[in-house]
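Student: I have a structure to go through and would like to work by question and answer. Where do we start?

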Amino acid sequence: MIEILQADITTLPVDAIVNAANHSLLGGGGVDGAIHRAAGPELKQYNQTHGGCPTGEARLSPGFKLPAKYVISTVGPVWYGGERGEAALLDSAYRNSFILALQHDIKSIAFPAISTGVYAYPKEMAARTALAVMKEYESKFERIIAACHTREDVDIYESVLAKLS
Ligand code: ADP
């Protein structure tokens, strides 16, 4: 079951929340800033041990003060118009997050709409990639949550999911 929720991802009591991080993994704006604030400074300290993360890859950390047990930080692509491999990189960001989750026995996982904020990826196209990968992994998890920040994002995800089903 893929659940589309309007939620602040930092409040979700799941095994893992995914962070739309930047290469440093040391915090930033948007959902990244919210996750670092809610997790506490230990997240930044811990992520220093990773030495950064390339676009499309993912890294695991504890959830620290979050209700979630783990944070999976992934780096989505910046949107440059679509001719720089953005779709494949966004697919990889979701896919590598799922692969890491499976390696750590994570059964419930929540994702933000990676790359659709400051990184300017068009929301509907991003939702198509997000939901297509989520459907591939649906049977391996108890809960997969698409945590949408706004009502508009919920509407986009619901209409894209209806077309995929
Ligand atoms: P990126 O740099 O990958 O574009 P942003 O954080 O700017 O990342 O935006 C990614 C998405 O996360 C946007 O759709 C934004 O509305 C959403 N977002 C921001 N804060 C939260 C939050 N607390 N919970 C869930 N989603 C959030």
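Tutor: We start with the residue classes: Ala, Val, Leu, Ile, Met, Phe, Trp, Tyr, Cys and Pro count as nonpolar, Asp, Glu, Lys and Arg as charged, and the others, Gly among them, as polar. Keep in mind that this is a predicted model.

Student: Which helix gives the largest share of the lining of the largest cavity?
Tutor: The search of the whole structure finds one cavity of 30 Å³ or more, and the volume of the largest cavity is about 30 Å³. Its lining includes Asp 153, Ile 156 and Tyr 157. The largest share of that lining, three residues, comes from residues 151–164, helix α5.

Student: Which element gives the largest share of the lining of the largest pocket?
Tutor: The largest pocket has a volume of about 560 Å³. Its lining has 27 residues, and Ala 20, Gly 30, Val 31, Asp 32 and Gly 117 lie nearest the pocket centre. Two or more lining residues come from each of α1 (30–39) and β6 (143–148). The largest share, four residues, comes from α1.

Student: How many charged residues are in the lining of the largest pocket?
Tutor: Asp 32 is one of the lining residues nearest the centre, and Asp belongs to the charged class. The whole lining divides into 13 nonpolar residues, 10 polar ones and, as charged residues, four.

Student: Which cysteine does Tyr 157 touch?
Tutor: Leaving out residues up to four places away in sequence, Tyr 157 touches residues that include Ile 4, Tyr 94, Pro 112 and Leu 131. Alanines are also among its contacts, including Ala 113 and Ala 146.

Student: Is Cys 148 buried or exposed?
Tutor: Buried means under 20% relative accessible area. Cys 148 has a relative accessible area of 1%, so Cys 148 is buried.

Student: Is Asp 105 buried or exposed?
Tutor: Asp 105 lies in the loop between α3 (86–103) and β5 (108–111). Its phi is positive, about 60°, although it is not a glycine. The cut-off for this class is over 50% relative accessible area. At 57% relative accessibility, Asp 105 therefore counts as exposed.

Student: Is Ser 115 buried or exposed?
Tutor: Ser 115 also has a positive phi, about 75°, and is not a glycine. Its place is in the loop between β5 and α4. Its relative accessibility is 5%, so Ser 115 counts as buried.

Student: Which residues does Glu 138 touch, not counting residues up to four places away in sequence?
Tutor: Glu 138 is found in the loop between α4 and β6. Because its relative accessible area is 23%, Glu 138 is partly exposed. With those sequence neighbours left out, Glu 138 touches Met 1, Ile 2 and Ile 144.

Terms used. Residues numbered from 1 in each chain as written. Predicted model: local features only at pLDDT ≥ 70, side-chain atom pairs only at ≥ 80, totals over all residues. Heavy atoms only, no water. Contact = heavy atoms within 4.5 Å. Buried < 20%, exposed > 50% of the residue type's maximum accessible area, 1.4 Å probe, protein only. 1 Å grid on protein atoms, 1.4 Å probe; cavity = no way out; pocket = protein on both sides within 12 Å on 5 of 7 lines; lining within 4 Å. Points joined across faces, edges and corners; volume = space filled by probe spheres on them.
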